[in-house]
Amino acid sequence: MTDMRALTQSLTRYREPNHGRSVVEILITVVPFVLLWLLMWLSLPIGYGLYLLLAIPASGFLVRLFMIQHDCGHGSFFRHRLLNDWLGRVIGVFTLTPYDYWRHAHGIHHATSGNLDLRGIGDIDTLTVREYLALSRWRRFGYRLYRHPIIMFGIGPTYLFILRHRLPFGLTKEGWGPWVSTMATNGAIALVVAALMWRIGVWPFLLVHVPITIVGGAIGVWLFYVQHQFEHTVWSESRDWSFPTAALYGSSHYDLPCVLRWFTANIGVHHVHHLCSRIPFYRLPLALRHHPDLANVGRLTLRQSLACVRLVLWDETARRLITFRELRTRYGTGAPAPAAARPHAL
């Protein structure tokens, strides 16, 4: 049995950021991204082969840039909040993510992850078996459509980063703060886009930046999905919910190959990150090495993670995520909704 209090206290030793290392991480991310962006533009007259090939690493660096923004949101990239916040806001212009709005929603995600009673902000919509069976046929179809891989990892990321992030949906009760942040980011994005379009042309800009955004967005959504949507994740109602337990066992250890770990800024060490979100991403591997017992907690390899796509419903009885096929096997297609069902708003 893991001593959560002792483990959490032990992990606090890794929270102190190294400013020199943080600056280097920015440089080795931003400079290659800009160079690849320019190379994609310059390669347009040559042909689409090289151009499309360059889009893949460029998207990887955009993902890494988002991960730096992510650390800024947790106050872990620099010691001073103002440095974190302003760097996060600047990066948000290029990741199309309004920093203050996203930071607030992501904070809610960390505070409520794995809590069945507090779903809906900063997470992937996940229904329980009871809730799904209580839905009408059309709402079941809507949930199936939402969970389809083409929607989840294709159309969904494009909608999220290009359209949904333009307005602070879900935080309208938080006052003017999210609106000011979002509109300021939108204004900065408009200025940068207008300047680049004026300099290189409308179509060249769109041909370069849109593929990078779509591919980078799809990678980002996939990472977020796998970090919590794996078979033996943890969900519970508020009365049984515990932050340390949900953080450690409800988040995966996505054990990626070395190159992918670098591009994703070690975000795969997600169970440690959730347990102590103030650890800078470049210190997460050290924390894991010093706590080898955590290496196999929620561990997923790249190959194993592909099966997570089919996991769509939380089975309250089995205490794990199941597929639609398992639902049919266990409950049948026409199973009545249990009396205790409490439909969750989609």
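Visitor: What is the volume of the second largest cavity?

Guide: In this predicted model, the second largest cavity has a volume of about 40 Å³. The structure holds 2 cavities of 30 Å³ or more.

Visitor: Which residues line the second largest cavity, and which helix gives the most to that lining?

Guide: The lining consists of Met67, His70, Asp71, Ala265, Ile267, His273, Phe281 and Leu284. Helix α3 (residues 48-73) gives the most, with 3 residues. By class, the lining residues of the second largest cavity divide into 5 nonpolar, 2 polar and 1 charged.

Visitor: Ala265 is one of those lining residues. Why is Ala265 called buried?

Guide: Its relative accessibility is 3%, and buried means under 20%. Ala265 therefore counts as buried. The residue is found in the loop between α12 (258-263) and α13 (270-275).

Visitor: What makes the phi of Ala265 worth a remark?

Guide: Ala265 is not a glycine, yet has a positive phi of about 55 degrees. Most residues other than glycine have a negative phi. Arg319 is another case: phi is near 60 degrees, again a positive value in a residue other than glycine.

Visitor: Where is Arg319, and why is Arg319 called partly exposed?

Guide: Arg319 is found in the loop between β4 (313-315) and β5 (320-322). Its relative accessibility is 40%. Buried would need a value under 20% and exposed a value over 50%, so Arg319 counts as partly exposed.

Visitor: Glu316 is also in the loop between β4 and β5. Why is Glu316 placed in its accessibility class?

Guide: Glu316 has 21% relative accessibility. The limit for buried is under 20%, so Glu316 counts as partly exposed.

Visitor: What does Glu316 touch, and how do you know that Glu316 and Thr128 make a polar contact?

Guide: Leaving aside neighbours within four places in sequence, Glu316 is in contact with Thr128, Val129 and Arg130. The side chains of Glu316 and Thr128 are joined by a polar contact of 3.2 Å, and the limit is within 3.5 Å. The Glu316 side chain also reaches the backbone nitrogen of Arg130, at 3.5 Å.

Visitor: What is the volume of the largest cavity, and which residues lie nearest its centre?

Guide: The largest cavity has a volume of about 130 Å³. It is lined by 14 residues, of which His109, Ser113, Gly114, His228 and Trp235 lie nearest the centre. The elements that give two or more residues to this lining are α5 and α10 (202-228). The lining of the largest cavity divides into 4 nonpolar, 9 polar and 1 charged.

Visitor: Why is His109 called buried?

Guide: His109 has a relative accessible area of 3%, against a limit of under 20%, so His109 is buried. The residue lies in helix α5 (residues 99-112).

Visitor: What makes the approach of His109 to His228 a polar contact?

Guide: The two side chains make their polar contact at 3.2 Å, and the cut-off is within 3.5 Å. Apart from neighbours within four places in sequence, His109 is in contact with Ile121, Gly122, Asp123, Phe224, His228 and His274.

Visitor: How many aromatic pairs does the structure hold, and why is the pair of Tyr132 and Tyr143 called tilted?

Guide: There are 18 aromatic pairs. The ring centres of Tyr132 and Tyr143 are 6.0 Å apart and the planes are at 55 degrees. Stacked needs under 30 degrees and edge-to-face over 60, so this pair is tilted. Tyr132 is in helix α6 (residues 129-133) and Tyr143 in helix α7 (residues 137-147), 11 residues apart. Tyr132 is buried at 3% relative accessible area, and Tyr143 is buried at 0%.

Visitor: What makes Phe153 and Tyr225 an edge-to-face pair?

Guide: The planes of Phe153 and Tyr225 are at 85 degrees, with 5.2 Å centre to centre. Edge-to-face requires over 60 degrees and pairing requires centres within 6.5 Å, so the pair is edge-to-face. Phe153 lies in helix α8 (residues 149-163) and Tyr225 in helix α10, so the pair ties together parts that are 72 residues apart in sequence. Both residues, Phe153 and Tyr225, are buried.

Definitions and conventions
Residues are numbered from 1 along each chain as its sequence is written. This is a predicted model: local features need pLDDT of at least 70, side-chain atom pairs count only at pLDDT 80 or more; totals for chains, interfaces and linings use all residues. Side-chain values use heavy atoms; hydrogens and water are left out. Helices (H or I, at least four residues) and strands (E, at least two) are DSSP runs, numbered from the N terminus. Buried means under 20% relative accessible area, exposed over 50%, partly exposed in between (1.4 Å probe, protein chains only). A polar contact is a pair of N or O atoms within 3.5 Å; within protein, one must be able to donate a hydrogen and the other to accept it, and residues adjacent in sequence count only if both atoms are side-chain atoms. Contact means heavy atoms within 4.5 Å. On a 1 Å grid over the protein atoms alone, a cavity is a set of points where a 1.4 Å probe fits but cannot get out, and a pocket is an open set with protein on both sides within 12 Å along at least five of seven lines; lining residues have an atom within 4 Å of a point. Grid points are joined across faces, edges and corners, and a volume is the space filled by probe spheres set on the points. Ala, Val, Leu, Ile, Met, Phe, Trp, Tyr, Cys and Pro count as nonpolar, Asp, Glu, Lys and Arg as charged, and the others, Gly among them, as polar.
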